[in-house]
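Subject: Handover of a structure, with notes

Dear colleague,

I am passing the structure below on to you, and my notes follow it. Please read them with the structure open beside you.

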Amino acid sequence: MADWNWWPRFHDPALRLSLREQVVLHVEANVRMLRDWRACWTFTWISLLPVPLLLALPYLIVHGWDGHPAASLAVAGLAFLAYMLLQHVAFAVAMRRTYVRFVRLSLASLGHPACVECGHPLGPKPPASCPECGSALGESR
Ligand SMILES: [Zn+2]
């Protein structure tokens, strides 16, 4: 998928799932992903990338600005805001690289088969390749 959003796009926005269908979809996607240790490992290390910045906060509060408490707190506050932003980006990237694929695989169980790569809806008789992104569809069935 060429376009990049803050939050991963799981499927075609025209597909309107009920709350119950969304819960079923994400429970199944979670179970599928938990069976794939590589995906879990990738998701975990990407998600944990910003944590060293969080761990540095106590040091920044104590030593942040040459013994000036207010400046040290300001530096720590900015570092915390940076951490929260980076954590959100890391989580979105981790979801995009791992979890989205499992959601799209699980869509078939709800009767909405979709391309694993781009989320394009495939209909009841999926073609050999995705009409949207051109990827082979052997795995997505
Ligand atoms: Zn596609």
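Leucine 60 is partly exposed, because 19 other C-beta atoms lie within 10 Å (a residue is buried if 20 or more other C-beta atoms lie within 10 Å of its own, exposed if 12 or fewer, and partly exposed in between, with C-beta atoms placed from the backbone). Before going on, please note that this is a predicted model, in which local features need pLDDT of at least 70 and side-chain atom pairs count only at pLDDT 80 or more, while totals for chains, interfaces and linings use all residues. Residues are numbered from 1 along each chain as its sequence is written.

Leucine 60 belongs to helix α4 (residues 57-63), where helices are DSSP runs of H or I with at least four residues, numbered from the N terminus. Leaving aside neighbours within four places in sequence, leucine 60 is in contact with Ser72, Val75, Ala76 and Ala79, contact meaning that the C-beta atoms of two residues, placed from the backbone, lie within 7 Å. Valine 31, by comparison, is 29 residues from leucine 60 in sequence and 40 Å from it in space, C-alpha to C-alpha.

Next comes helix α5 (residues 69-107), which has 39 residues and reaches 53 Å from its first C-alpha to its last, close to the 57 Å expected at 1.5 Å a residue; that expected span is 1.5 Å times one less than the number of residues. At arginine 96, α5 bends by about 50°, the bend being the angle between axes fitted to the seven residues ending there and the seven starting there. Among the buried residues of α5 are Ala94, Thr98, Tyr99, Phe102 and Val103, and what covers the buried residues of this helix includes α1 (19-34) and α2 (37-48).

The largest nonpolar core has 13 residues, and those with the most contacts inside it are Ala29, Tyr99, Val103 and Cys115. Such a core is a set of buried Ala, Val, Leu, Ile, Met, Phe, Trp, Tyr and Cys residues joined through C-beta atoms within 7 Å. Both α1 and α5 supply at least two residues each, and α5 gives the most, with five residues. Domain 1 (19-110) and domain 2 (113-141) both give residues to this core, so it lies between them. Alanine 29 touches Tyr99, Phe102, Val103 and Ser106, not counting residues up to four places away in sequence.

The bounds of these two domains come from an automatic or database domain assignment. Their C-alpha centres lie 29 Å apart, and the contact takes five residues from domain 1 and seven residues from domain 2. On the side of domain 1 that touches domain 2 there are three nonpolar, no polar and two charged residues, with Ala, Val, Leu, Ile, Met, Phe, Trp, Tyr, Cys and Pro counted as nonpolar, Asp, Glu, Lys and Arg as charged, and the others, Gly among them, as polar.

Finally, there is the segment after α5, in which proline 126 is found. Proline 126 is partly exposed, with 18 other C-beta atoms within 10 Å, and its C-alpha lies 7.7 Å from that of proline 113, 13 residues away in sequence. Alanine 136, also in the segment after α5, counts as exposed because it has 12 C-beta neighbours inside 10 Å, and it is in contact with Ala128 and Ser129, leaving aside neighbours within four places in sequence.

With best regards
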